[in-house]
Amino acid sequence: MNIFRKTRIQARELFEDAYLYLTTTYKQAQEVFTPASPFGQILTVQANLSEMIFFYLEAVATELNIARARNIESIYGLSRLTGHNPTRGISAIGSIKIRLNTEARQLITGNYVQIDNYTKVKIKNNSLDYFLKFDSDYIRLDLDQRNIIKLEIIQGEIEEQTFRGTGYPLQSFSVITGEPTDNFMVEIWVNGVQWEKDEYFYDMNKGDRKFITKTGINGGLDVYFGNLQYGSIPPLGSIIKVRYVKTRGSVGNIDGKNLLLTFAEEGKDQFNSPVDLNQILNIGVTRGPSFGSDTENPDFTRIIAPHASKSFVLARPENYIYYLSKYNFFSFIDAYNTKDDEYIDDDNIIYLFLIPDIAKKLMAGQDYFNVPTEEFILNADEQDMVKEIINKSGQQLVTTEMRFVTPTIKRYSLNVVIKWFENYDKNEIRTEVRKALSDYFLSIRRRDSIPRSDIIAILEGINGIDSVNIFFISEENEEAIRRGYYIVPVYGYDPDRRQKVLIENKKITLEENQDPGLGLDGFGDIEIDQNDIVVIRGGWQDRNGNNFDPLPDVDKLSGLNIFFKDESSNDLYAKIQQNRFNSLRRQRGTTIANGPVQGNTITGNQTGDGLLGNTTESRIR
C-alpha cells in the first residue's frame with residue numbers, strides 16, 4: 001500500500017497520511033491514538049525529520065545546477081568546474097606625475113630623496129587609500145635634476161599572511177581575507193625568494209618557481225603550487241609569505257585630474273632620515289584612477305561561466321568579451337572581426353565596441369539626463385587603459401591587432417503626456433517621473449530597441465498618475481524633414497583591393513509632407529543599429545524650427561518633456577478601482593516571477609535585458 005504521496009511531503013501532511021493509515025489499518029480509536037499519545041509523539045518527530053530530509057535533498061539537487069543554485073558559494077564553485085575564475089574585485093588604477101619643487105634643496109640632507117615601493121597616498125576627494133607601484137623596491141630623485149617622473153597609483157591596502165610549506169606536491173592554501181581582494185595583484189615569497197605568478201597549471205615548466213591563484217569558494221583566495229613535473233614544490237617547513245591588495249572596487253574610481261592627493265607616508269634622504277614628501281614634491285594627476293570593479297555578481301557568473309575560454313588566449317572575439325567582462329566598468333561589450341567578407345588583410349583585427357557604465361560615472365547632483373554626453377563614449381585615457389589591461393594579461397596573440405569602434409551618438413527627445421489625479425502635486429509627479437526614467441536608462445541596456453511600452457509600464461506605477469502616454473522625436477528624422485532629404489551610404493566590394501568600400505552617399509529626396517521615420521520603427525520605438533549609442537538629449541531643432549535645449553527645463557523644450565494634459569477625479573470609486581488594478585498587477589507579476597526558467601545564454605543579440613541589474617552586458621557572436 002502506498003501510504004505517502006509525492007505531492008504531500010510537508011511534516012503536517014506526512015503526519016496526517018501516516019495517522020490515517022495507522023488508524024484505518026489497526027482500528028485504533030482516535031481517543032486512544034492521538035498526537036499526545038507516546039506513539040503519536042514519535043510519529044510527529046519522524047514526520048518533521050522526514051520533511052527536513054526532503055528539504056535537504058531538494059537543496060542539494062538545486063545547488064548542483066548553476067542556473068538554479070541560490071548560494072553564492074555553490075555558484076562560484078560550479079563556475080570553477082567550467083574553468084571560469086570568478087572575479088574577486090579589481091583595484092582602480094591611475095597615474096600621477098611628480099617633480100621636486102624649489103624648496104627641496106633646503107629641506108633635504110644629502111643629494112637625493114628616496115621613495116619606497118608601495119608608499120601610501122590618499123585622495124581627499126573620496127578619502128580612500130591608494131599606494132604607489134613601480135618595478136623596483138624604491139626610486140630616487142636626484143636634487144640636481146628636476147625632471148618629471150610618472151608613477152602608477154593603485155587603490156587599496158597591502159596585507160600579508162604567512163603559511164608553512166608541507167613539502168607535498170600540489171600544495172594549496174586558502175587565504176581568508178574577510179574583504180574583497182584584487183583579482184590580479186598577488187605576490188608570494190618562499191623563504192624570502194619571490195615566486196612568479198602564472199595563470200594556468202599546465203603553463204608551468206618543470207622546476208619553475210611559480211604559483212597560480214583562484215577565487216576562494218568560501219571567500220578570499222586560494223593559492224596553488226606545482227609538482228616536480230609542472231612547477232616546483234615549496235620545501236617542508238618553508239615560510240610562504242602571501243601579499244595581496246584589499247580593494248574597494250568601483251568605489252575607487254574617481255574622474256578628473258584636479259584631485260587632491262597627499263602622501264600618507266614619508267620618504268628618506270641620503271642619510272636615511274625621514275622627509276615629508278608633501279613639502280618637497282609637486283604632484284599632478286595625469287589619469288584619474290579608473291577601471292576598479294566590484295566582486296563578480298553571481299547572476300553574471302551563471303551566464304558567463306559556460307563561455308570560459310578553454311584556450312586561455314585572446315584569439316577570438318568571444319575571448320575578448322569574456323576577459324573584459326571581468327571589469328564591470330562597461331555597460332555593453334561587443335567584439336567582432338570581419339572574416340565573413342572576402343577581404344583577408346584585416347582578418348587579424350578584433351574590433352571592440354565598448355560603452356562605459358554611466359551609472360558608475362555620476363557625480364553628486366547628476367542623473368542620466370544631465371551627465372555630459374561625452375561620458376557615453378570611452379575617452380583616450382580609458383582606451384589606453386583597455387589596451388594596458390589587455391597587454392598586462394599576457395594572453396593576446398602576437399598576430400592579433402585590436403581596434404576601437406567609434407560609436408555614433410543618436411539623440412532623441414522623450415515626451416511624456418500625463419493624465420493625473422486631482423489633489424496631487426504636479427511638481428512631485430514630475431520629479432518622480434524624471435527619477436524613474438533616469439533609473440530605467442541607467443539600468444536597461446538593450447541593443448536592439450527602446451520600446452515605448454517599457455516606459456509606459458514604469459510610469460503608470462507612480463502615485464498620482466492616472467494614465468500616461470509617451471512618444472519619441474528623432475533628431476535624425478527631424479533634420480531630414482527640415483532639409484528635405486537624407487543621406488544613405490551605399491557600400492560595395494572592390495575586387496582589386498578585396499574589401500568592402502563606400503561607393504556613394506546616396507541622397508534620398510523627400511516628397512512634400514513625407515515623414516521617413518528615421519530612427520523609429522512602426523510602433524514608434526527607438527531602433528538601435530550596431531554601432532549606435534542612443535541618448536535622450538536636446539541640442540537640436542525639429543522640423544518646425546523649435547529648439548530643444550540640451551538639458552531638461554520645465555519652461556522649455558528639451559530632451560525630456562513632461563506635459564500634464566487632463567485631471568481625473570480622485571473620489572472613493574476611483575481609489576477602489578485603482579486598488580483592484582494594483583492587486584491584479586501584483587498578482588500577474590507574481591505569476592510571471594514564478595514561471596519556468598529556461599536557462600540563460602549569450603548568443604546573437606540575446607543579452608538578458610533586465611536580468612543582471614547593474615552587471616555588464618556582452619554579446620558573443
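Strands are DSSP runs of E with at least two residues, numbered from the N terminus. Strand names in these legends follow that rule. The model is predicted.

**View 1. N513 sits in the loop between β25 (499-509) and β26 (526-527).** N513 is not a glycine, yet its phi is positive, about 65 degrees. Its relative accessible area is 76%, so N513 is exposed.

**View 2. N423 is a residue other than glycine with a positive phi.** The phi value is near 70 degrees. N423 belongs to the loop between β21 (408-421) and α9 (426-443). N423 counts as exposed because its relative accessible area is 74%.

**View 3. Helix α3 (residues 72-81) carries a set of buried residues.** These are S74, I75, Y76, G77, L78 and S79. After α3 comes G83. The phi of G83 is positive, near 100 degrees.

View 4. An α-helix has 3.6 residues a turn, so residues three or four places apart point the same way. D299 is partly exposed, at 31% relative accessible area. R302 is buried, at 14%.

**View 5. D357 pairs with K360 in a salt bridge.** The closest N and O atoms lie 3.0 Å apart. D357 has 1% relative accessibility and therefore counts as buried. K360 is partly exposed, with a relative accessible area of 26%.

**View 6. A salt bridge links R411 to E475.** The closest N and O atoms are 2.7 Å apart. R411 lies in strand β21 and E475 in helix α11 (residues 475-483), so the pair ties together parts that are 64 residues apart in sequence. R411 is partly exposed, with a relative accessible area of 25%. E475 is buried, with 18%.

**View 7. E152, R287, E388 and K392 belong to one salt-bridge network.** Salt bridges that share partners join these residues. The structure holds 30 salt bridges. Side chains of opposite charge can pair when their charged atoms come close.

**View 8. K97, R99, R146 and K150 form a positive surface patch.** K150 is part of strand β6 (residues 149-155). With 65% relative accessibility, K150 counts as exposed. Across the protein there are 71 positive and 86 negative side chains. The centres of the two sets lie 3 Å apart.

**View 9. E266 occupies the loop between β14 (261-263) and β15 (267-269).** E266 is exposed, with a relative accessible area of 53%. Leaving aside residues up to four places away in sequence, E266 touches P274, V275 and L277. The C-alpha atoms of E266 and V121 are separated by 10.0 Å. Along the chain, these two residues are 145 apart.

**View 10. The whole protein has 12 helices and 31 strands.** Its C-alpha atoms fill a box of roughly 100 × 85 × 60 Å along the principal axes. Of the 621 residues, 45% are buried. Among contacts between residues at least 6 apart in sequence, 71% join residues at least 24 apart. The accessible surface comes to about 33,500 Å². Carbon and sulfur atoms account for 49% of that surface.

Terms used. Residues are numbered from 1 along each chain as its sequence is written. This is a predicted model: local features need pLDDT of at least 70, side-chain atom pairs count only at pLDDT 80 or more; totals for chains, interfaces and linings use all residues. Side-chain values use heavy atoms; hydrogens and water are left out. Patches are made of residues with over 30% relative accessible area and no salt bridge: like charges are joined within 9 Å, nonpolar side chains (Val, Leu, Ile, Met, Phe, Trp, Tyr) within 5 Å. Accessible areas come from the Shrake-Rupley method with a 1.4 Å probe; for residues, only the protein chains shown count as cover. A salt bridge is a side-chain nitrogen of Lys or Arg within 4 Å of a carboxyl oxygen of Asp or Glu. Lys and Arg count as positive and Asp and Glu as negative; His and the chain ends are not counted. The place of a charge is taken as NZ of Lys, CZ of Arg, CG of Asp or CD of Glu. Helices (H or I, at least four residues) and strands (E, at least two) are DSSP runs, numbered from the N terminus. Buried means under 20% relative accessible area, exposed over 50%, partly exposed in between (1.4 Å probe, protein chains only). Contact means heavy atoms within 4.5 Å.
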